[in-house]
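Me: I would like a close look at one part of this model: its aromatic rings and what surrounds them. Keep it brisk.

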Amino acid sequence: FGVSAFGALAISDIGVPLLRNVLPQNFAEAKVKVPKAVSEKLGLGDEDLPLDGLVTLLLGLGCTAAYWAPIAMEQKFLISNFIAWSLAMTSLGAISLGSFQTAAILLAGLFCYDIFWVFGTDVMMTVATKIEAPVKFLYTAPPPAEGAEPRSYPFSVLGLGDVVIPGLFVRFMAKVDTVLQPQTWSYFGAATTAYALGLSTCFIVNEITHAGQPALLYLDPACIGSALAVGVANGQLSEVWNFEEEKDERE
């Protein structure tokens, strides 16, 4: 329950800037008066709350309530994915990798971790298919071939970490682009393409083998390899390897 409750806050956090970009300015500036007694009891410190924040918070609470409604996951998996997406976007905005070497070490460690827990034990598969929480993305699996046994779990699964961890690296490479100003190839574009190709490969192998795959097995080498390859192509390999964010950027 705690994850989905935090998801409600994440939806509110992500939703406010989205609303402010699509709705008139007066909606972003609108306030809702809160009774003084309620404000003091909740420790709000202000009797006027932003309307857009309240709307997105109610949306988040509504999604959480719908997620926990007693209906089959096949009828509410899009809500689960929306909550997971909000958690991922909030994480991407809040976490910084700091340096390329830190990123490489982190991805290398999680590469080994993911392989061990997927191929070496059944823990990951059990968590992915037996425990329901909005910390994964669910995709309806294609129907089994004629005469084949039906799937025990009706979805293909992508863990939240398989989006957030490589996503942090892709975001980091956008900062590398900004600082190094490559003349030939974009580090961000290469990392984004590498992520897409790595994830596609993972799903293809999963479909061919009908066995769970550690997504980071494909994503981490693709992301790190693309950055190093583009660094060589741009004549900036040393600068990429030693790249560090400024302190003010991390904060």
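How many aromatic pairs does a search of the whole structure find?

Reply: The search finds nine aromatic pairs. A pair means rings of Phe, Tyr or Trp (its six-membered ring) with centres within 6.5 Å; planes under 30 degrees apart count as stacked, over 60 as edge-to-face and the rest as tilted. This is a predicted model, where local features need pLDDT of at least 70 and side-chain atom pairs count only at pLDDT 80 or more, while totals for chains, interfaces and linings use all residues. Residues are numbered from 1 along each chain as its sequence is written, and side-chain values use heavy atoms, with hydrogens and water left out.

Take Phe-100 and Trp-241. Their ring centres are 5.8 Å apart and their planes meet at 65°, so this pair is edge-to-face. Phe-100 belongs to helix α6 (residues 100-120) and Trp-241 to helix α11 (residues 237-241), so the pair ties together parts 141 residues apart in sequence. Helices here are DSSP runs (H or I, at least four residues), numbered from the N terminus. Phe-100 is buried, at 0% relative accessibility. Trp-241 is partly exposed, at 40%. The cut-offs are under 20% relative accessible area for buried and over 50% for exposed, with partly exposed in between (1.4 Å probe, protein chains only).

Helix α6 holds Tyr-113 and Trp-117 too. These two form a tilted pair, 6.2 Å centre to centre with 55° between the planes. They sit four residues apart, so about one helical turn separates them. Tyr-113 is partly exposed at 43%, and Trp-117 is partly exposed at 28%.

Back to Phe-100. Ring pairs link Phe-100, Phe-169 and Trp-241 into a cluster. The largest nonpolar core has 49 residues, and Phe-169, Met-173 and Val-176 have the most contacts inside it. Such a core is a set of buried Ala, Val, Leu, Ile, Met, Phe, Trp, Tyr and Cys residues joined through side-chain atoms within 4.5 Å. Helix α8 (residues 161-180) supplies the largest share of this core, ten residues. In soluble globular proteins, nonpolar side chains tend to be buried together.

Met-173 brings the picture back to the rings. Leaving aside residues up to four places away in sequence, Met-173 touches Phe-100, Tyr-187, Phe-188, Ala-191 and Ala-227. Contact means heavy atoms within 4.5 Å.

Lys-76 lies over Tyr-67, 5.4 Å from the ring centre. The test requires NZ of Lys or CZ of Arg within 6 Å of the ring centre and within 35 degrees of the ring normal.

Note on methods: Helices (H or I, at least four residues) and strands (E, at least two) are DSSP runs, numbered from the N terminus.
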